[in-house]
Each structure stands twice: as structure tokens, then as C-alpha cells.
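This report describes one protein chain for a reader who is meeting such models for the first time. Please consult the sequence and the three-dimensional view while reading.

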Amino acid sequence: MSADDFLAGDVTVPESREQSVSLHIDLDKKINTAFPGVVVRKDLVKAVKGNAIVPTYVLEYLLAQYAATDDEATIQAGIDAVRKILATHYVHRNEAELIKSTIREKGRHRIIDRVSVTLNEKTDTYEAAFENLGIRGVRISPETVKANEKLLVGGVWCICDMEYLYTDNYKDVPWLLGSLKAIQLSRFDFDGYLAARAQFTTEEWINLLIQSIGFDPELFGYRAKLLQLTRLVPFVERNYNLIELGPKGTGKSHIYSEFSPHGMLISGGEVTVAKLFVNNSSGKIGLVGYWDVVAFDEFAGAQKRTDKALVDIMKNYMANKSFSRGVQTLGAEASMAFVGNTSHTVPYMLKNTDLFDELPAAYHDSAYLDRLHCYLPGWEVDTIRGEMFSQGYGFVVDYLAEVLRFMRNTDFSDKYQQYFTLGSDISTRDRDGIHKTFSGLMKIIHPTGAATAEEIEELLQFAIEGRKRVKDQILRVCQVVCV
């Protein structure tokens with residue numbers, strides 16, 4: 001495809017550099033053979049991004065159209081095509097007036113921008129706002145909104161044909177929306193995905209997933225890889241509650257802002273009941289009704305103000321998958337991820353307080369903490385360094401995001417039961433937390449449901465550990481309160 005068509009943890013060291021390069025080449029060949037057209041060389045994103053503040057999945061969407069191959073000549077032509085598209089059609093905020101002028105002079109121009117929609121109740125029409133272009137009040141058809149409901153909550157990156165038609169009526173908005181296409185994969189072959197998975201060993205598959213995230217698997221040990229993959233569990237499990245606290249610079253929020261068009265990253269301090277759950281005055285459902293994952297960035301901070309009403313509703317939602325709107329009870333499937341930085345070392349927290357020490361007071365509460373299915377130990381995740389990024393092939397992240405979303409309908413929580421049994425004294429919430437983490441990791445690593453007893457034991461032990469970390473710290477919180 002031409003550019004013109006568009007207008008239509010632990011660290012391990014390899015035994016030797018030569019061996020590492022050979023393994024990379026063999027795996028990359030296997031990846032390209034098994035998944036033609038839905039994988040891309042991960043270092044290409046940096047090559048085309050430049051100063052465009054645009055999510056990775058948007059760039060990889062474009063690269064998948066032009067450079068999803070291992071042929072160097074085609075890759076270079078694809079990079080040039082994507083660069084041309086970004087230069088011509090991506091809207092930089094500081095060039096918004098130039099793009100407006102282009103639309104006016106040409107009458108029609110294609111743009112890439114983040115679009116959000118509101119309902120104008122006075123005129124009973126939907127109106128679109130373009131974030132970087134800086135224009136509002138653009139009429140958009142109800143059919144388009146219905147087909148892309150996330151436009152109504154938070155906005156979506158889109159490819160749009162914009163038109164300009166000036167009238168003498170100053171009330172008329174001269175900007176017209178000719179067409180809109182959300183930058184998301186339209187369809188995929190799940191059976192083909194499962195069949196291709198069977199061609200890979202478990203180690204090869206995990207390495208493929210790590211490369212898909214953007215990292216070089218040769219620089220990560222097994223546990224470090226598992227920590228990275230656990231960050232994906234909220235995308236593949238409904239109503240999964242994950243918390244990760246740790247040092248700065250480990251990429252805690254990157255997955256939720258860059259990886260998937262089905263996730264929404266918000267600042268922990270910007271959350272309201274109306275934004276997250278429901279606006280009682282308008283009846284508008286909040287983020288949990290539209291997104292698969294709602295992630296709270298910068299969640300830690302003991303001095304941060306919190307809304308007690310929000311905390312109470314959140315606790316009920318995390319436990320029961322429901323929230324109230326007046327007398328009506330509504331349900332949703334969004335998972336929640338809470339990520340934040342710690343200012344103290346683990347030994348300091350364990351000696352003086354607990355591992356939830358950094359949370360705001362309203363969340364430093366056993367009733368809230370008990371709703372968390374897994375505590376990912378962020379202090380074990382290595383600080384991101386330049387050499388950690390992969391130059392190998394991985395899934396176009398939008399493709400993997402669609403696979404994970406599709407598998408939310410599947411439950412693998414019982415896959416261990418042919419080999420292992422959990423103790424009868426485990427509480428219901430402990431069992432649910434273990435089951436959800438185990439099921440999520442199984443779906444990510446063993447999507448066919450087939451795994452050896454040893455592989456299942458590793459994931460089950462890891463899931464137990466993640467929930468046990470929550471439970472142990474709840475006991476410490478309760479001991480401090482009692483004292």
C-alpha cells in the first residue's frame with residue numbers, strides 16, 4: 001500500500017552475543033511466518049514517531065498497513081509512507097491553524113486527531129471536538145456515534161475527512177465531517193491465532209509477547225517477564241482489580257496509555273463519581289461503562305484529597321461489579337488498575353508501616369484493599385533503559401489488544417484443578433483473586449487452555465503470591481489500627 005492510498009525485575013545475560021542474535025533471527029522468522037501482516041518490527045515506532053505525541057497503537061496501526069513484513073526494502077518504503085502520512089495528516093497543536101487553512105483552501109483534507117463527542121441538548125444534535133485541531137461544534141451523525149460509542153467518553157484517535165463550507169449565518173459551524181474511522185482493528189481470525197500459537201514453545205511465545213510490549217526478552221528472566229505480562233491481565237479479565245506500587249521509571253503507566261485503544265489512563269486526582277460511574281443529573285454513564293480498563297495514574301500520595309462518596313461507590317463496584325444511580329443499580333465490566341510511585345524502600349515500609357503506606361488515607365482501608373485481586377511488586381521491575389527496547393518483531397499492539405478483549409469472554413480459572421487444589425480454608429475473596437490472576441495469565445500465555453502441570457503450577461503460585469501480598473498487608477494495616 002502506498003501513502004497515496006491512505007487518502008483513499010531480574011536481568012539475565014545471554015551466553016554469547018552470537019547466540020542471542022541467532023535466537024532473535026530464528027524467532028523473528030517464525031513470527032513472520034506464523035502471523036503475516038499483524039506483526040511489526042518494534043524499533044520502527046521510534047523511527048517514525050518523531051515529535052508526534054501520539055499513542056503507540058496509532059503508529060503501529062499505520063505501520064501494519066505499510067511495513068508489516070521482514071523485507072527490508074518494503075520496510076523502508078513503509079517507513080517513508082508512514083512518515084509522509086504523519087507529516088501531511090497528523091495534527092500537531094502548534095500547526096492547527098495551518099491545517100485549518102489547508103482544509104479551507106482544498107475544501108477537503110484528511111486528518112489524524114483525537115475526537116470526542118457531546119450531545120447538544122438544545123439542538124438535539126451530536127457535536128464533535130477535535131483535540132489538536134482545536135475546533136468544536138462539528139456535527140456528527142447519530143449512526144457514527146452509535147458505531148463508536150467511546151467518542152462520548154474520553155475520546156478516540158480517528159482518521160477523519162474534514163470539509164469546510166462557510167455560510168453567512170454566524171451561528172453555523174463551517175467545519176463538516178465527511179467521514180470518520182476509529183484507529184482500531186476492524187476484525188481478526190481468533191481460530192488462526194490459536195492455530196499459530198501451537199507452533200511456538202511456551203518460551204518462544206512469552207518472548208513474542210515481551211517483544212510485542214516492546215522489550216528485548218533476552219534481557220529479562222522468567223519472573224521479570226511474568227511481571228510485565230501481569231500488567232496485561234486487566235485487558236483480558238473482566239472486573240479485575242490490580243495495584244502496582246514501585247519506584248519511578250519502570251513503565252507502570254505506559255501499558256495503559258499506549259498499549260490498547262480499549263484502556264483509559266486518568267490521573268488519580270481527577271476522578272469524580274460522575275466521570276467514573278454515572279452523572280445522576282444527566283443520566284450519562286461514566287468511564288466504567290465504555291472502557292475495558294480504567295487505570296489510575298499517580299494513585300499514590302498519602303496527602304492527596306479523596307472523595308469519600310467516590311471511595312464507597314468504588315468499593316462496591318470492585319466487589320460486586322455494580323454501582324447505583326438513584327434507585328437503579330447498574331453493572332459494568334471495566335477492570336481497574338492502580339499505579340503509583342513509592343518514596344520509601346520495601347524494608348523501610350515493612351519495618352515502619354506496610355506496603356500500602358503511600359496510598360491516600362481513604363484508600364488505606366482494609367475494606368478497599370481486600371477488593372484488590374493482585375499486588376504487583378513494582379520494586380522488582382527494572383528501571384527502563386535504552387538497551388532494553390526490542391529490535392525484533394512483535395504483534396501490532398492493536399491486534400493483540402483485540403485478542404485480549406475477545407478472550408474476556410473465556411474463563412480459565414479452573415484449568416489448574418486437574419492437578420492442584422486450593423485449601424478449603426481460603427476465603428472467597430482470596431480464591432477469586434487467585435482465580436482471576438491465574439485465568440488472565442493462562443489466557444495470555446496459553447490461550448488454547450493447554451499447558452503442562454509444571455507450567456500451570458508456576459502461574460498458580462504466582463497468582464497466589466499476588467493475592468497473598470494483599471492479604472498480608474491488610475493484616476498489618478489492621479494491627480496498626482488495633483494498636
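The side chains of Glu237 and Lys443 are joined by a polar contact of 2.7 Å. A polar contact is a pair of N or O atoms within 3.5 Å; within protein, one must be able to donate a hydrogen and the other to accept it, and residues adjacent in sequence count only if both atoms are side-chain atoms.

The model is predicted: local features need pLDDT of at least 70, side-chain atom pairs count only at pLDDT 80 or more, and totals for chains, interfaces and linings use all residues. Residues are numbered from 1 along each chain as its sequence is written, and side-chain values use heavy atoms, with hydrogens and water left out.

**Two residues of one loop**

Glu237 is located in the loop between helix 11 and strand 7. Helices (H or I, at least four residues) and strands (E, at least two) are DSSP runs, numbered from the N terminus. Glu237 counts as buried because its relative accessibility is 7%; buried means under 20% relative accessible area, exposed over 50%, and partly exposed in between (1.4 Å probe, protein chains only). Beyond its neighbours within four places in sequence, Glu237 is in contact with Ser335, Arg408, Thr410, Lys436, Ser439, Gly440 and Lys443, where contact means heavy atoms within 4.5 Å.

Arg238 also belongs to the loop between helix 11 (233-236) and strand 7. Its relative accessibility is 27%, so Arg238 counts as partly exposed. Leaving aside neighbours within four places in sequence, Arg238 is in contact with Glu333, Ser335, Arg408, Asn409 and Lys436.

| Side chain | Partner | Distance |
|---|---|---|
| Glu237 | side chain of Lys443 | 2.7 Å |
| Arg238 | side chain of Asn409 | 2.3 Å |

**The parallel sheet**

In what order do the 5 strands of the open sheet lie? The order is 8-9-12-7-13, and the pairing is parallel. Two strands pair if DSSP finds at least two bridges between them. Strand 8 (263-267) and strand 13 (374-377) are the edge strands, each pairing on one side only. On average, neighbouring strands of this sheet are turned by 20 degrees against each other, direction ignored. Helix 10 (residues 222-230) packs on the sheet and touches strand 7 (241-246) and strand 13; the direction of helix 10 makes about 130 degrees with that of strand 13. For such angles, axes are lines fitted to C-alpha atoms, for helices over the stretch in contact, and angles run from 0 to 180 degrees between N-to-C directions.

Strand 8 pairs with strand 9 (residues 293-297) in the parallel sense over 5 bridges. Ile266 has Phe296 in strand 9 as its bridge partner.

Strand 3 (residues 125-130) is largely enclosed by the rest of the structure, because 5 of its 6 residues are buried. Strand 3 pairs with strand 2 (residues 108-120) in the antiparallel sense over 6 bridges. Within this pairing, Leu119 has Tyr126 in strand 3 as its bridge partner. The hairpin of strand 2 and strand 3 has 4 residues between the strands, and Asp124 there takes a positive phi near 55 degrees.

Strand 3 is also joined to strand 4 (residues 135-140) by 4 bridges, and the two run antiparallel. Here Glu127 stands opposite Arg139 in strand 4. This second hairpin has 4 residues between strand 3 and strand 4, and Gly134 in the turn has a positive phi of about 75 degrees.

**Nonpolar cores**

In soluble globular proteins, nonpolar side chains tend to be buried together. A nonpolar core is a set of buried Ala, Val, Leu, Ile, Met, Phe, Trp, Tyr and Cys residues joined through side-chain atoms within 4.5 Å. The largest nonpolar core has 90 residues, and those with the most contacts inside it are Phe35, Ile112, Tyr193, Leu229, Tyr256 and Phe395. Helix 4 (residues 56-66) supplies the largest share of this core, 7 residues. Apart from this core lies another, of 65 residues, including Leu180 and Leu369. The contacts of Phe395 beyond four places in sequence include Phe35, Tyr193, Trp205 and Leu400. Leu400 is one of the buried residues in helix 17, and helix 17 (residues 397-406) is mostly covered, with 8 of its 10 residues buried.

**Confidence**

The protein chain averages a pLDDT of 89, and 93% of the residues score at least 70; pLDDT is the predictor's confidence in each residue, from 0 to 100. Confidence is lowest in helix 1 (residues 3-6), at a mean of 48, and highest in helix 11, at 98.
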